[in-house]
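Welcome, and thanks for taking a look. Please have the sequence and the model open side by side as you read on.

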Amino acid sequence: MTDRRHITMKDIAQALGVSVATVSRALSDSPRISQAKREMIQTYAREHHFVPNMIAETLRNSKLKPLKIIGVIIPEITHFYFSSILSGIEREASAHGYRIMVAQSNESSLREVEVCRSFYENKVCGVIVSQAKDTVHYDHFKHLIDCGVPLVFYDRICTGVNASRVVVDDYMGAFLATSHLIETGCKRIAFYGASMNLEISKNRYNGYRDALLKNRMKPDKSLVFYCDNRRDAETLTPDLLAAAERPDAFFAINDETAQGILYATKRFGLRVPEDVSVCGFTNSPSAVACDPMLTTVEQRGEKVGQEAVDILVSKVEGEMPMEKIEKRIVRTRLVIRGTTR
């Protein structure tokens with residue numbers, strides 16, 4: 001038997017053999033549903049102690065203005081890109097009269113599950129989330145959606161859940177960055193990426209690979225590494241530079257990793273960019289605080305945050321159907337500085 005705390009519109013729909021949309025309309029007493037079917041669904045919901053997300057329902061169906069809070073899950077608040085997204089979320093939410101409740105997952109799927117439960121219990125009117133690196137099970141996200149809580153992913157989207165999302169054009173950003181390295185004479189370009197269970201890592205790798213193929217350069221698996229932070233980059237890079245056929249360029253999944261490459265390369269005694277080119281991805285303030293300044297792909301985090309709020313508020317306030325899956329892409333821009341030729 002379904003736990004009464006967790007019965008959802010989806011559970012009701014499956015039990016009665018109707019769609020979730022029909023359940024939603026019946027519970028809202030919509031005349032689009034026959035009286036007999038409405039009574040059947042409403043009776044079942046009462047008997048099984050169904051409790052809707054009252055804040056979201058009130059916002060959609062009433063002129064009253066209750067406390068409007070959006071739950072935001074951020075992997076790491078100390079990461080510049082995520083903090084810039086949070087800034088965009090807060091600014092756009094405030095402009096619409098909403099406040100935000102922020103929690104860090106600290107890259108832990110267990111923590112992420114706890115936060116989703118807490119947000120639901122506190123009746124947030126919607127959730128904006130970037131999944132943790134180790135998230136591979138998605139029941140906590142599905143539960144929010146089944147309970148009628150609007151969910152919008154940003155940056156790291158969850159392919160196992162059919163929900164709205166806002167991402168940057170990771171593929172094209174990586175394609176243009178790698179193409180730039182090739183155009184400036186680089187022949188052996190190493191790729192430092194994150195886990196391939198993350199869509200951003202897949203997309204950036206695919207952009208890197210396709211730029212090589214377009215320029216008739218065969219992708220070399222020996223030049224592809226799981227390395228997405230400065231510490232690991234400083235450890236890994238010297239061994240590659242000591243190889244007989246060393247890389248003459250590195251494309252990193254983020255600026256932090258690129259700066260680790262830059263530091264390790266200079267410490268190894270090679271010149272940047274004369275001997276080795278380095279390109280990152282983010283365009284954080286630290287990209288202009290290193291020597292040489294870092295060539296990187298600008299992600300426009302604040303824009304990502306603003307778009308995520310725009311989708312969420314549109315769903316909460318009934319301007320966009322709850323079942324509509326909105327997908328938005330924020331364009332990237334290659335910023336060429338001193339670490340490439």
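Buried means under 20% relative accessible area, exposed over 50%, and partly exposed in between, with a 1.4 Å probe and protein chains only. Helices (H or I, at least four residues) and strands (E, at least two) are DSSP runs, numbered from the N terminus. This is a predicted model, in which local features need pLDDT of at least 70 and side-chain atom pairs count only at pLDDT 80 or more, while totals for chains, interfaces and linings use all residues. Residues are numbered from 1 along each chain as its sequence is written, and side-chain values use heavy atoms, without hydrogens and water.

Let us begin with helix α12. Because twelve of its 16 residues are buried, α12 is largely enclosed by the rest of the structure. Among those buried residues are Val 304, Glu 307, Ile 311 and Lys 315. From first C-alpha to last, α12 reaches 23 Å, close to the 22 Å expected at 1.5 Å a residue (1.5 Å times one less than the number of residues). Gly 318 follows α12 and has a positive phi, near 80 degrees.

Next comes an open sheet of six strands, ordered β2-β1-β3-β4-β5-β11 with parallel pairing; two strands pair if DSSP finds at least two bridges between them. Its edge strands, each pairing on one side only, are β2 and β11. Within the sheet, β4 and β5 run parallel and are joined by three bridges, and Phe 153 has Arg 165 in β5 as its bridge partner.

| Strand | Residues |
|---|---|
| β4 | residues 151–154 |
| β5 | residues 164–168 |

Finally, Glu 245 lies in the loop between α10 and β8 and counts as exposed because its relative accessibility is 58%.
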